[in-house]
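Biologist: I would like to learn how to read a structure with two chains. Can we go through some features in turn?

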Amino acid sequence: MGRITPYKVFRAVALAVVVVSLVAPLLWMIAASFKTNVDIYDSSKTFRFSPTIANYTKVLQQANYLDFIGNSLWVAFAATALSLLLGVPAAYSMSRFNMRRSALVVLMARVIPGVSLLVPWYYVFSNLRLVGGFTVLILSHMFVSLPLIVYIMMGFFDGLPLELEESAQVDGLTPIGAFRRIALPLSAPGIATAGILSFIFSWNNFMFALVLSGADTKTLPVAIFDFVGYASIDWGGLMAASTVVTLPIMLIALFVQKYVVSGLTAGATKG
Amino acid sequence: MAVRSTTPTLDGDPAWSRWANHHRKWLFAAPAMTFVGALIVFPLAWTLYLSLTDAEGSVRAEADFVGFQNYLEVLSDTDRFWPAVARTVAFTGVALFFEVVLGMAIALLLWRPFRGERWVRVAILMPLVATPVAVGMMWRLIFDPNIGAANQILGWLGIAPQPWLAGRHTALPTTIFIDVWQWTPMVALILLAGLTSLSSEPDEAARVDGANAWQRFWHVTLPLLMPTVIVAILLRGIDALKTFDILYATKGRGGGSFHEVETLNVYAYGLSFDYNEYGISSTVLILFFLIIIGSMWLLTSRNKKKDAQ
């Protein structure tokens with residue numbers, strides 16, 4: 001077992017190459033976010049530089065990023081909670097009653113190009129005076145979250161044995177009671193998976209917010225563009241802003257790794 | 001027992017509860033389906049209608065019905081539309097090829113347990129949860145022709161600096177590279193899930209028969225894994241066709257000043273929200289949608305034929 005074979009050496013080297021090429025660019029971004037713009041332009045300061053938090057104070061104070069962080073959090077939480085509320089019972093019904101065609105309708109939402117929906121949405125919601133508000137942002141993000149949750153939860157309920165709910169009904173629970181008291185508690189890991197994935201997708205969503213958000217409701221991915229000017233780019237600020245946007249989501253993924261992986265690979269092995 | 005289960009004790013108001021339990025199938029499914037349906041069906045029908053009119057300027061303005069004129073105009077547009085189709089196909093095809101090949105390699109490397117596995121898995125997860133727009137900005141700095149790390153590394157190797165995202169012909173390959181960096185881990189994770197679910201017996205049998213590692217992979221593992229490969233291609237392919245965030249983050253509106261990374265999605269976005277050409281943009285979107293459905297259909301029908309054999 002402990003013998004060192006050529007394959008083991010090859011594998012260790014190959015894995016090291018994979019890890020470095022995936023992580024190094026992210027570290028480069030974080031390093032640049034602690035540099036002054038002068039140091040970023042100086043190739044002799046690539047690795048050795050005196051770190052500064054000036055970029056972060058600029059991002060968080062002058063650029064109002066605390067507000068945008070709040071916006072992103074609010075939209076992602078609301079969209080995820082509402083999608084779970086609609087999506088979990090729907091996935092349960094679609095799994096238990098084998099409603100594959102109805103499920104396909106919901107999953108179509110993953111296939112349609114978002115731009116083709118944005119023009120009509122924009123028209124309708126601007127007539128309702130909702131464009132630029134949180135309502136329309138949350139609704140549009142639910143459009144991404146809901147199909148994802150239905151997809152993940154259908155797979156989860158498919159794997160949940162029917163016998164438990166049946167015996168609960170024999171013991172006097174109604175079918176809905178069996179769903180509430182038996183199936184729902186048992187599917188907590190599935191709900192956690194679906195909720196986390198939905199939160200990540202909503203936090204990262206760019207195109208819907210680009211069109212539908214206003215100056216006060218801007219989410220982080222849209223706010224990044226404040227650091228890109230026509231003539232020049234504030235690289236230090238831009239990298240700090242990018243880090244502020246993406247680091248929280250990477251940390252979350254680090255702590256709930258198992259759920260993220262099972263959500264991303266859901267349905268992949270059923271064929 | 002069976003008799004008792006037909007008259008369950010109902011909690012709450014019996015009449016309401018009995019009705020709810022009887023109709024629970026649609027009571028559960030209808031809200032979600034209505035929500036998605038309302039946000040899809042009406043907009044899609046409207047996009048279809050707009051594609052047959054000369055709507056422009058404002059969606060509220062009077063628009064005349066022009067039949068299939070927009071379609072004729074778009075399909076004969078060799079200046080913007082067909083190059084965008086070509087870029088979309090090239091972007092998706094090349095990115096998918098590298099993502100599947102590299103993803104398969106990474107999945108095979110991770111297949112058998114080893115020390116430090118946890119940390120490798122964490123590293124693999126990072127790119128694919130990172131915010132695509134931020135990823136675009138990050139690579140924009142790394143690929144900057146003057147101050148970026150990419151040219152610095154080429155310099156150490158004695159290779160001439162490249163224009164990367166700024167070059168007319170290098171921009172699209174560079175964005176493909178970014179897509180491959182971000183999404184290869186996704187394909188790797190899906191394939192790894194497939195590999196772990198395989199039974200080890202066929203592989204062992206082939207080993208006993210004296211097959212070498214490559215033969216075992218090509219003739220045993222890969223055919224068994226094929227359904228998972230198709231799912232990975234399908235899931236990734238749909239998203240690759242619709243790539244928008246990294247293209248917009250690295251090249252801005254219209255896919256750059258020469259439209260060098262203008263795919264169908266970027267083109268349609270520009271027509272809708274930069275030029276307000278709603279008629280033409282709806283036409284492009286309908287055609288784009290047909291391309292997506294068509295390629296999905298091609299992929300799944302080939303898969304089914306293989307299953308039937």
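Modeller: Start with contact: two residues are in contact if their C-beta atoms, placed from the backbone, lie within 7 Å. Keep in mind that this is a predicted model.

Biologist: Which residues is Ala32(B) in contact with, leaving aside its neighbours within four places in sequence?

Modeller: On that count, Ala32(B) is in contact with Leu86(A), Gly87(A), Ala90(A), Val106(A), Leu146(A) and Val150(A).

Biologist: How many residues of chain B are in contact with chain A?

Modeller: The contacts join 77 residues of chain B to 78 residues of chain A. On the chain B side, helix α3 (residues 24-50) gives the most, with 17 residues. By type, that side of chain B has 57 nonpolar, 13 polar and seven charged residues.

Biologist: Which residues touch the most other members of the largest nonpolar core?

Modeller: The core is a set of buried nonpolar residues joined through C-beta atoms within 7 Å. Here the largest one has 161 residues, and those that touch the most other members are Ala91(A), Leu146(A), Val150(A), Met153(A), Ala32(B) and Leu191(B). Helix α7 (residues 134-158) of chain A gives the most to this core, with 17 residues. Domain 1 (2-40) and domain 2 (72-308) of chain B both give residues to the core, so the core lies between them.

Biologist: How far apart do the C-alpha centres of those two domains of chain B lie?

Modeller: The C-alpha centres of domain 1 and domain 2 of chain B lie 43 Å apart.

Biologist: Is Asn55(A) buried or exposed?

Modeller: A residue is buried if 20 or more other C-beta atoms lie within 10 Å of its own. Asn55(A) counts as buried because it has 26 C-beta neighbours inside 10 Å. Asn55(A) lies in helix α3 (residues 54-62) of chain A. Leaving aside its neighbours within four places in sequence, Asn55(A) is in contact with Ser33(A), Gly236(A), Gly237(A) and Ala240(A).

Biologist: How do I read a helix, and what does helix α6 of chain A reach from its first C-alpha to its last?

Modeller: An α-helix has 3.6 residues a turn, so residues three or four places apart point the same way. Helix α6 (residues 114-127) of chain A has 14 residues and reaches 20 Å, close to the 20 Å expected at 1.5 Å a residue. Buried residues in α6(A) include Gly114(A), Leu118(A) and Trp121(A). Just after α6(A), Arg129(A) takes a positive phi of about 55°.

Methods:
Residues are numbered from 1 along each chain as its sequence is written. Chains are lettered from A and ligands numbered from 1 in the order in which they are written. This is a predicted model: local features need pLDDT of at least 70, side-chain atom pairs count only at pLDDT 80 or more; totals for chains, interfaces and linings use all residues. Helices (H or I, at least four residues) and strands (E, at least two) are DSSP runs, numbered from the N terminus. Ala, Val, Leu, Ile, Met, Phe, Trp, Tyr, Cys and Pro count as nonpolar, Asp, Glu, Lys and Arg as charged, and the others, Gly among them, as polar. A residue is buried if 20 or more other C-beta atoms lie within 10 Å of its own, exposed if 12 or fewer, and partly exposed in between; C-beta atoms are placed from the backbone. Domain bounds come from an automatic or database domain assignment. The expected span of a helix is 1.5 Å times one less than its number of residues.
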